[in-house]
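Dear colleague,

I am handing over the structure below, followed by an account of what was found in it. Please read the notes with the coordinates open beside them.

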Amino acid sequence: MPHMQASDPVPSTSIAQKAGLLSTVADASGAHRVDAIRWIRGEPIGKGTYGRVYLALSISTGKPQLVAVKQVDSPQVLRDESDQRQARFVHSVERVSKLLVDLNHPHIVQYLGFQECLGDYSRVLNIFMEYVSGSALGCCLREKGKFSEDVAKFFTLQILGGLRYLHSRRIIYRNLKADSVLLDRDGNCKLSDLEFSTREDKINKLPFTTVQRTLPWMAPEVICHQKEGYCVKADIWSLGCILLEMLTGKRPWYEDELIMITIKMNQNKRPPIPPDVILSDLAMNFQNLCFAINPDERESASHLERHAYLKLSNGWRFQGFNG
Ligand SMILES: Nc1ncnc2c1ncn2[C@@H]1O[C@H](COP(=O)(O)OP(=O)(O)OP(=O)(O)O)[C@@H](O)[C@H]1O
């Protein structure tokens, strides 16, 4: 068992309640009551743009449960750009916290609750999630290079399952990139990092830091029309990018800096296929459906899931990245 220590600082119920950030539990009468989450912090397991992720033991219910906790500083005074960046993230979480805990799908990381805690000098937002015991798909690609075609198809099918679920609720993920897909040891994919997802009818501007991080995977309409004019089909472009990355071992727009990517997108170009990679006709057809410049001509997740290209070889089972 990894090292654990009591969680600090103290949960600030009033703040969290005000922000709607405590987990709500339905009691026998069906009424929703607010519950403080009791937990013990373990070792760090990752670091993102906005916070650190720790392994933790949730002791709120009878049986202790291993969970992941993303801890994000929530600045009270906006002194510099970094404070503003953090504040925008916390605001975004407040906007979608209810939507995230309501999601329930095998290929989406389960959000378990939110808690804002008051320390002596700071406030910290804790985001409790299902723990996924593996690493990010982006990490595996950087370590191992490209995947075998069956592995790429297997992961694509799972990501599409998660997207179909989100899209059926008119939720746009917006932040889909290889680093946002977590893999467990059996090759199960879970979409994580959903704090910037949004309902189609409530699109707001994405923070610059997130756009910078995700830009190579982003659909042209998201970059060109920051506030409106895009829909769930934006995620299908990102999925096409991840598939291309798995088949080639190179990130989308692998030759270009961010500014050049933006210019090329404005010229209606799509991520190039490296010259040493030859894709089958079926693979090309699948890519064309993901990279249609007009989102109305881009295929939906449910149609793509049934595309002939994604049919796995007979009897194939996941046995590692090159199997
Ligand atoms: N639920 C989880 N279970 C296990 N590990 C996780 C979980 N969530 C995140 N991690 C680990 O923590 C790392 C950081 O996650 P985080 O969501 O903060 O940032 P990110 O996805 O790398 O990108 P960004 O910088 O865009 O936020 C991940 O790469 C992953 O290794």
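In this predicted model, helix H4 (residues 149–168) packs with helix H7 (residues 233–248), their axes lying 9 Å apart and making an angle of about 160 degrees. Because angles over 145 degrees count as roughly antiparallel, H4 is described as roughly antiparallel to H7, and the crossing of these two helices is right-handed. On the H4 side the contact is made by Glu149, Ala152, Phe155, Thr156, Ile159, Leu160 and Leu163, while H7 contributes Asp235, Leu239, Ile242, Leu243, Met246 and Leu247. Sorted by class, the residues in the contact of H4 with H7 comprise 10 nonpolar, one polar and two charged.

Turning to the strands, strand S6 (residues 51–58) and strand S7 (residues 65–73) run antiparallel and are joined by eight bridges, and together S6 and S7 form a hairpin with six residues between them. Within this pairing, glycine 51 has valine 72 of S7 as its bridge partner. S7 also pairs with strand S9 (residues 123–130), again in the antiparallel sense, over seven bridges, and here valine 72 has leucine 125 of S9 as its bridge partner.

As for the chain as a whole, its secondary structure comes to 10 helices and 14 strands, and 39% of its 323 residues count as buried. Among the contacts in the chain with a separation of 6 or more, 64% are accounted for by residues 24 or more positions apart.

Terms used: Residues are numbered from 1 along each chain as its sequence is written. This is a predicted model: local features need pLDDT of at least 70, side-chain atom pairs count only at pLDDT 80 or more; totals for chains, interfaces and linings use all residues. Helices (H or I, at least four residues) and strands (E, at least two) are DSSP runs, numbered from the N terminus. A residue is buried if 20 or more other C-beta atoms lie within 10 Å of its own, exposed if 12 or fewer, and partly exposed in between; C-beta atoms are placed from the backbone. Two residues are in contact if their C-beta atoms, placed from the backbone, lie within 7 Å. Axes are lines fitted to C-alpha atoms, for helices over the stretch in contact, and angles run from 0 to 180 degrees between N-to-C directions. Angles under 35 degrees count as roughly parallel, over 145 as roughly antiparallel, 65 to 115 as roughly perpendicular and the rest as oblique. A crossing is left-handed if the near helix is turned anticlockwise from the far one by less than a right angle, and right-handed if clockwise. Ala, Val, Leu, Ile, Met, Phe, Trp, Tyr, Cys and Pro count as nonpolar, Asp, Glu, Lys and Arg as charged, and the others, Gly among them, as polar. Two strands pair if DSSP finds at least two bridges between them.
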